[in-house]
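Here is a quick tour for anyone opening this structure without having seen it before. Have a look around, then read on.

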Amino acid sequence: MKSKLVSMAEAAALVPSGSSIAIGGSIIRRSPVALIRELIRQGKKDFTVLAYPAGFTTDMLAGAGALKRVEAVYEGLFQFGQSYNFRRGVEAGVIDIRDFSEVAMAARFRAAASGLPFMPTDALLGTGMAANNPEQIREITCPFTGRRLHAVEPANPDFTLLHGYIGDEYGNVQFPLVRDADDLDPVFAKGAKRLIVTVEKIVPHSEILKNPNLTYIPHVWVEAIVEAPFGAHPLSCDGYYDEDEEHMYYYQACSKPGNFAEYADRYIYGTKDHWDYLAKALTPERIFALSAR
Amino acid sequence: MAYADDYTLNELMVVAASRELRDGDLIFIGVGTAGRAFTVAVGIPIAAARLAQETHAPNLAIYWNNLLSPDLSQIPPRLTQHHLTTWPTSAQLHNCSDKNDMLSRRLFDVSFDSAPQVDRYGNLNITAIGDYRHPKPRLIGCLAQTDHFAYVKRPIVLTDLKKRTFVEKVDFITSVGHLNGGKSREEAGLYPGGPWRVITDKAIFGFNEKSKEMEILSIHPGVTLDQVLAEMSFRPLTPDSIPSTESPTTEQVRLIREAIDPNHILLVA
């Protein structure tokens with residue numbers, strides 16, 4: 001096995017502008033936020049985001065003017081309200097949106113993970129999503145029953161970007177918790193052309209060997225792995241730390257009236273790297289308060 | 001069985017929703033943000049499902065968000081991600097693939113859904129108001145609401161009656177109800193079914209068996225037909241004689257207040 005451990009800046013440099021990216025986690029939990037911040041810092045843009053529910057990371061990309069298109073089941077920030085930057089982009093016609101239901105979007109990720117040219121689904125019959133997207137949703141007839149169905153295009157991103165709990169330098173990533181059974185990150189990972197993972201902590205390979213049943217992303221899928229403690233902040237990495245409500249309220253207070261630049265100047269462009277971000281966004285008291293105990 | 005003199009509108013809605021649930025049902029309840037939206041999307045449905053479990057439907061099972069059969073006597077004090085993930089009392093959690101397969105296998109009997117636009121045939125829009133490519137405003141997308149209307153046997157729409165919500169035709173069909181009425185839903189290739197009831201703060205509606213138009217089933221005590229029609233942009237079918245929505249019994253009110261929502265977490269607004 002070959003070491004795939006790189007710095008955050010090196011990982012972000014692998015992703016060119018214009019790439020399609022699938023972002024792991026969901027809405028306000030366990031997304032690779034530090035990596036998205038670094039992409040914005042490096043001035044990368046014109047991304048197509050493929051997500052199940054899109055949330056904070058997609059909204060940041062929209063705020064930074066780095067988002068061209070979104071294909072997802074939801075855009076919003078859960079209890080923190082609307083995804084203001086994303087909405088403004090769609091309302092202005094700047095962001096191309098392709099809506100899918102959960103069953104249909106999961107089918108698209110499964111098609112990509114299985115290497116199939118499409119997946120059949122009956123979830124979108126009669127909907128506005130199908131009527132507005134003949135490019136990716138096409139009517140077919142079931143060869144066995146003659147039923148009307150749709151074929152949906154695979155969600156096959158150039159890059160999948162994930163945030164996980166622990167991993168080794170080779171890219172074996174584990175859930176440390178038996179309780180957390182989140183199941184879509186591995187599907188996003190399998191369907192990607194290239195996979196980058198950030199983790200809370202890099203552990204020795206010997207630690208991974210103790211519980212191979214906890215490995216949900218194996219090294220052979222991974223191109224690069226980055227150590228990023230609090231790498232999902234201000235989102236939760238549940239089991240480790242909860243979402244940072246104060247930070248999210250500040251983000252929304254900036255984003256709602258269209259002042260994303262104020263937030264970005266303080267926390268993205270105004271921080272030179274992830275360590276600098278952590279120094280500016282968190283205090284020892286705050287880390288203690290957010291940490292799961 | 002004594003009817004209660006003292007009950008709230010939310011309690012009336014809880015009891016009305018509970019009456020639609022059957023023993024053995026598997027119920028899907030989604031998530032809500034805060035205030036009235038939380039009460040309508042989460043609070044009333046959970047209280048209704050719990051009330052059904054306590055009375056006529058002991059074998060009813062609840063899937064709340066991604067939690068299967070959570071112990072609802074122990075709702076976490078704060079619904080943050082960590083608290084939901086580590087809630088020690090649900091049978092299974094956070095498995096989207098299983099939930100999707102259970103939906104498309106048609107294992108769910110009832111779902112609770114709400115939307116900013118509902119039309120005469122029970123189609124819902126939670127995606128975009130106005131032109132889809134230049135909406136004003138853009139809404140939240142689809143989530144699994146589309147899937148509920150495609151696969152769940154008896155979806156229930158639970159929302160407050162408002163003129164801008166109850167429109168003649170939705171701007172965008174996120175979730176296919178009875179489409180254009182009559183047999184149009186089946187002709188489009190969907191399973192029979194579609195929305196079963198619409199429970200609001202003023203009246204309860206069903207859908208006419210033949211035409212599939214929305215039809216008033218009952219009006220809440222103290223509300224007039226004119227008050228109902230004033231909050232709708234289309235005229236639903238109105239039978240000559242419309243009954244009053246059945247009031248909660250003293251026992252139902254007691255269960256809601258003492259056993260189901262003693263800490264006022266569910267019926268908040």
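Which strand of chain B is Pro137(B) found in? Pro137(B) sits in strand β9 of chain B. Keep in mind throughout that this is a predicted model.

## Two cis peptide bonds

Pro137(B) has something else going on: a cis peptide bond links Lys136(B) to Pro137(B), with omega about -5°. Chain A has a cis bond to show as well, between His233(A) and Pro234(A), where omega is about 10°. Pro234(A) belongs to a loop, the one between β14 (224-227) and α9 (245-255) of chain A. As a bit of background, most peptide bonds are trans.

## Where the chains meet

## The core and helix α2 of chain B

Now for the inside. The largest nonpolar core has 167 residues, and Val49(A) and Ala47(B) have the most contacts within it. Helix α2 (residues 35-54) of chain B supplies the largest share of this core, 11 residues. Away from its close sequence neighbours, Val49(A) is in contact with several residues, among them Ile21(A), Leu61(A) and Val70(A).

Of its 20 residues, 16 are buried, so α2(B) is largely enclosed by the rest of the structure. It also has a kink of about 35° at Gly43(B), shortly before the proline Pro45(B).

What does α2(B) cross? Its axis and that of helix α8 (residues 250-260) of chain B come within 10 Å, crossing at roughly 110°. That makes α2(B) roughly perpendicular to α8(B). From α2(B), Ala47(B), Arg50(B), Leu51(B) and Glu54(B) take part, meeting α8(B) residues that include Leu255(B) and Ile256(B). This contact has six nonpolar, one polar and two charged residues.

## Two positive phi values

Arg106(B) has a phi near 65° and lies in the loop between α4 and β5 (110-113). Because Arg106(B) has 13 C-beta neighbours inside 10 Å, it counts as partly exposed.

His264(B), also not a glycine, has a positive phi of about 55°. You'll find His264(B) in the segment after α8 of chain B. With 9 C-beta neighbours inside 10 Å, His264(B) counts as exposed.

Notes. Residues numbered from 1 in each chain as written. Chains lettered and ligands numbered in written order. Predicted model: local features only at pLDDT ≥ 70, side-chain atom pairs only at ≥ 80, totals over all residues. Core = buried A, V, L, I, M, F, W, Y, C linked by C-beta atoms within 7 Å. Buried ≥ 20, exposed ≤ 12 C-beta atoms within 10 Å, placed from the backbone. Helix = DSSP H or I, 4+ residues; strand = E, 2+ residues; numbered from the N terminus. Contact = placed C-beta atoms within 7 Å. Bend = angle between axes of the 7 residues up to and from the residue. Axes fitted to C-alpha atoms, helices over the stretch in contact; angles between N-to-C directions. Parallel < 35°, antiparallel > 145°, perpendicular 65-115°, else oblique. Nonpolar A, V, L, I, M, F, W, Y, C, P; charged D, E, K, R; others polar. Lists of a residue's contacts leave out its neighbours within four places in sequence.
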